[in-house]
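Please read this briefing with the sequence and the model side by side.

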Amino acid sequence: MTPASLPGYDMPAMKDHTRISDLPVLIGQSVTIRGWVTTTRSSGKIAFAVLRDGTGYLQVVVSRAEVGDDAWERFRALTQETSVSVTGVVRADARSPGGVELGAMEIAVLGPSVDFPITPKEHGTTFLFEHRHLWLRSRRQVAIMRVRHEVVQAIRDFFHERGFFLVDTPILTAAIGETAGSLFETDYFDLGKAYLAQTGQLYLEAAAAALGKVYCFGPTFRAEKSKTRRHLAEFWMVEPEVAWYDSEDNMRLQEDFVSYIVARCLERRREDLKELERDTAPLERVAPPFHRISYTDALKKVEGLGASVPWGKDLGGDEETLLANSFDRPVLVFNYPREAKAFYMKENPADPKTVLNNDCLAPEGYGEIIGGSQREDDHDRLLARIRAEGLPEEAYGWYLDLRKYGTFVHSGFGLGVERTVAWICGIPHIREAIAFPRQMHRLRP
RNA sequence: UGGGGUGUAGGUCAAUUGGCAGACCGCCGGACUGUUAAUCCGGAAGUUGCAGGUUCGAAUCCUGCCGCCCCAGCCA
């Protein structure tokens with residue numbers, strides 16, 4: 001059922017209007033545009049409005065002498081974010097932003113808008129996030145959402161082109177995965193508590209034994225009381241898992257993957273990056289091979305830069321920034337101390353104090369966008385790690401089965417979508433990289 | 001959870017040593033034929049986060065509470 005067939009639906013049918021992005025090839029023609037008023041300016045006998053329809057922005061010009069008093073008054077009374085239908089002639093004019101404008105002949109208000117809260121002047125972030133549902137309409141937020149869309153589409157295309165299969169992993173899970181204590185909890189019928197997933201990885205390992213190359217892509221939940229520019233309570237993560245890949249293969253995949261995403265944004269979303277005033281030079285440099293440095297060498301390097309981390313402790317945000325800033329491209333830090341990392345990472349045969357893992361640090365202070373590893377594929381070693389960490393052994397029975405029935409070398413990683421979008425867009429806080437961010441103090445809108 | 005800030009009109013912020021609650025943007029009315037966050041004139045707009053206290057008098061000083069921001073930790 002189309003909207004137009006609904007009883008009482010009095011808006012004109014949607015097929016007879018033109019999209020703003022199509023106007024440059026329609027110079028001289030009469031068209032009807034539907035959209036929202038973003039700004040208005042008026043003089044005594046000429047008035048301007050900028051319209052937005054999701055495909056672009058259009059300056060509409062009205063001359064009192066041309067349209068008559070009724071249409072003139074309707075036009076002059078327009079307020080910010082009124083939805084309208086405007087009919088007029090498309091023309092090229094150097095004075096118009098974008099070079100194309102619409103000389104309006106008739107206007108119809110479809111939805112009035114009185115006292116729109118977000119004005120063209122400055123606002124604080126608190127106010128803006130309380131009005132996130134309306135803030136999304138601003139140029140900057142539109143640009144960010146377009147880049148995010150491109151990142152997501154690039155992710156799907158990359159894996160599809162390379163023969164990966166998408167496997168959707170559960171969001172409601174029993175306690176399994178990363179360390180407990182930071183899980184969102186909910187009641188689950190007669191089975192007690194269920195937890196919102198923090199990772200799809202363990203399930204993906206099972207799927208990798210069926211399909212070879214797999215990935216999952218969905219929301220992830222962390223109940224940590226994090227209050228930093230890099231953390232959200234709900235964020236999107238894409239996790240590939242590949243049978244027969246070792247840690248080296250895994251890092252090569254990450255280089256190709258990240259480079260592909262960045263290249264796609266540069267190719268297709270350059271206008272949006274310009275709107276965001278993003279300096280694209282650092283992005284142009286993103287290509288394989290990335291810089292690589294072992295955890296142990298990274299410690300030496302940041303020590304030379306004035307920081308000091310005892311061997312065995314994870315790198316902090318400051319150290320990551322120091323390290324990343326000393327390279328002109330993303331950097332892969334590999335083989336972290338076993339004690340700082342998760343139980344499922346494979347022990348490094350050449351140096352058992354470390355594991356075969358890596359993080360990928362984005363340049364320009366954006367920090368860790370990827371964490372990945374080769375997985376422990378030896379049943380007995382994995383069981384020993386589960387016991388050593390005091391994890392509930394019975395919960396991992398099915399996971400251990402994967403090592404019992406045809407175990408296989410395999411590796412994978414997780415890339416944080418919001419962190420990647422924030423980096424590519426050059427925005428300071430990841431809460432702007434998702435339409436409706438979830439933070440410990442913010443659940444609505 | 002720890003450290004540092006902050007809270008005044010719809011928004012962004014001022015208010016001297018404790019002495020009449022202010023400006024700009026937005027909004028409303030008016031003027032203006034090419035504006036780019038238009039400009040000019042006029043107007044409306046306040047429980048100074050909340051609850052107590054000191055004082056002739058509190059946005060300002062004191063006590064308690066609350067919200068938010070930044071940094072750290074957790075990680076993607």
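**Trp-36 and its surroundings**

Leaving out neighbours within four places in sequence, Trp-36 makes contact with Leu-51, Arg-52, Glu-81, Ser-83 and Arg-137, where two residues are in contact if their C-beta atoms, placed from the backbone, lie within 7 Å. This is a predicted model, in which local features need pLDDT of at least 70 and side-chain atom pairs count only at pLDDT 80 or more, while totals for chains, interfaces and linings use all residues. Residues are numbered from 1 along each chain as its sequence is written, and chains are lettered from A and ligands numbered from 1 in the order in which they are written.

- Trp-36 belongs to strand S1 (residues 30–42); helices (H or I, at least four residues) and strands (E, at least two) are DSSP runs, numbered from the N terminus.
- Because 19 other C-beta atoms lie within 10 Å, Trp-36 is partly exposed; a residue is buried if 20 or more other C-beta atoms lie within 10 Å of its own, exposed if 12 or fewer, and partly exposed in between, with C-beta atoms placed from the backbone.
- From C-alpha to C-alpha, Trp-36 and Thr-354 are 57 Å apart in space, and they are 318 residues apart in sequence.

**The chain as a whole**

- Chain A contains 13 helices and 16 strands, and its C-alpha trace spans about 85 × 55 × 40 Å along the principal axes.
- Chain A has 445 residues, of which 34% count as buried.
- Among the contacts in chain A with a separation of 6 or more, 66% are accounted for by residues 24 or more positions apart.

**Nonpolar cores**

- In soluble globular proteins, nonpolar side chains tend to be buried together.
- The largest nonpolar core has 71 residues, and Val-147 and Val-151 have the most contacts inside it; such a core is a set of buried Ala, Val, Leu, Ile, Met, Phe, Trp, Tyr and Cys residues joined through C-beta atoms within 7 Å.
- Helix H4 (residues 139–161) gives the most to this core, with 8 residues.
- A second, separate core has 21 residues, including Ala-49, Leu-51, Val-86 and Ile-107.
- Not counting residues up to four places away in sequence, Val-147 touches Cys-265, Arg-269, Asp-272, Leu-273, Val-421, Ile-424 and Cys-425.

**Helix packing**

- Two packed helices are described by the angle between their axes and the distance between the axes.
- The axes of H4 and helix H13 (residues 417–425) come within 10 Å and cross at roughly 125 degrees; axes are lines fitted to C-alpha atoms, for helices over the stretch in contact, and angles run from 0 to 180 degrees between N-to-C directions.
- That angle makes H4 oblique to H13, given that angles under 35 degrees count as roughly parallel, over 145 as roughly antiparallel, 65 to 115 as roughly perpendicular and the rest as oblique.
- On the H4 side the contact is made by Ile-144, Val-147, Arg-148, Val-151 and Val-152, and on the H13 side by Val-417, Thr-420, Val-421, Ile-424 and Cys-425.
- Helix H11 (residues 379–388) and helix H12 (residues 397–404) pack at an angle of about 155 degrees, with axes 9 Å apart, and H11 is therefore roughly antiparallel to H12.
- His-379, Leu-382 and Leu-383 of H11 meet Leu-400, Arg-403 and Lys-404 of H12 in this contact.
- Tyr-399 is also placed in helix H12, and it counts as partly exposed because it has 18 C-beta neighbours inside 10 Å.

**Backbone exceptions**

- Most residues other than glycine have a negative phi, and most peptide bonds are trans.
- Pro-288 and Pro-289 are joined by a cis peptide bond with omega of about -5 degrees, and Pro-289 lies in the loop between helix H8 (281–284) and strand S12 (291–294).
- Phe-189, although not a glycine, has a positive phi of about 45 degrees; Phe-189 lies in the loop between strand S8 (185–187) and strand S9 (193–196), and counts as exposed, with 6 C-beta neighbours inside 10 Å.
- Glu-277, also not a glycine, has a positive phi of about 55 degrees; Glu-277 is in the loop between helix H7 (270–275) and H8, and counts as exposed, with 10 C-beta neighbours inside 10 Å.
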